[in-house]
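Let's take a quick tour of this protein and look at how its pieces pack together. Have the picture ready as you read.

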Amino acid sequence: YPKEVIERGVRLALESDRPVAHVAAELGLPAETLRKKVRQAEADQGLRPDLPSTAEREQIKELKRENGELRRANEILRAASLFFASELDESRPK
């Protein structure tokens, strides 16, 4: 759906007292699509403290990506340290 139509629907739903489903039907959008966008807009404006804002969602996504990279790096370092420890330990059979 065009971004402009969704933005208009969000604006109409927030500014009017009409249900989101009515605004969505008027604009030809699925009610659930518009409802999700309205909830996200409310979170971004601080009206819904129970939901993360778009900036917080991006930060969480970035932290999860970084966490995954660090876990992989730790596994590589752990394997390398075991390998070199066994190479340096002369009492262990090779």
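In this predicted model, helix H2 (residues 20–27) and helix H3 have axes that come within 8 Å and cross at roughly 120°. An angle from 65 to 115 degrees would count as roughly perpendicular, so H2 ends up oblique to H3. The crossing is a right-handed one.

**Where H2 touches H3**
- On the H2 side, the residues making the contact are Val-20, Ala-21, Val-23 and Ala-24.
- On the H3 side, their partners are Ala-31, Leu-34, Arg-35 and Val-38.
- Sorted by class, this contact has 7 nonpolar residues, no polar ones and 1 charged one.

**How H1 packs on H3**
- What angle do H1 and H3 make when they pack? Helix H1 (residues 3–15) and helix H3 (residues 31–44) pack at about 70°, and their axes are 9 Å apart.
- That angle makes H1 and H3 roughly perpendicular to each other.
- H1 also passes H3 in a right-handed crossing.
- From H1, the residues that meet H3 are Ile-6, Gly-9, Val-10, Ala-13 and Leu-14.
- From H3, the residues that meet H1 are Leu-34, Lys-37, Val-38, Ala-41 and Glu-42.
- By class, the contact of H1 with H3 has 7 nonpolar, 1 polar and 2 charged residues.

**A closer look at Glu-42**
- You'll find Glu-42 in helix H3.
- Is Glu-42 buried or exposed? Its relative accessible area is 19%, and the cut-off for buried is under 20%, so Glu-42 counts as buried.
- Setting aside neighbours within four places in sequence, Glu-42 is in contact with Leu-14, Leu-47 and Arg-48.

**The whole chain**
- Along its principal axes, the C-alpha trace spans about 80 × 25 × 15 Å.
- Buried residues make up 18% of the 94 residues in the chain.
- Take the contacts between residues at least 6 apart in sequence: 31% of them join residues at least 24 apart.

Notes. Residues are numbered from 1 along each chain as its sequence is written. This is a predicted model: local features need pLDDT of at least 70, side-chain atom pairs count only at pLDDT 80 or more; totals for chains, interfaces and linings use all residues. Side-chain values use heavy atoms; hydrogens and water are left out. Axes are lines fitted to C-alpha atoms, for helices over the stretch in contact, and angles run from 0 to 180 degrees between N-to-C directions. Helices (H or I, at least four residues) and strands (E, at least two) are DSSP runs, numbered from the N terminus. Angles under 35 degrees count as roughly parallel, over 145 as roughly antiparallel, 65 to 115 as roughly perpendicular and the rest as oblique. A crossing is left-handed if the near helix is turned anticlockwise from the far one by less than a right angle, and right-handed if clockwise. Contact means heavy atoms within 4.5 Å. Ala, Val, Leu, Ile, Met, Phe, Trp, Tyr, Cys and Pro count as nonpolar, Asp, Glu, Lys and Arg as charged, and the others, Gly among them, as polar. Buried means under 20% relative accessible area, exposed over 50%, partly exposed in between (1.4 Å probe, protein chains only).
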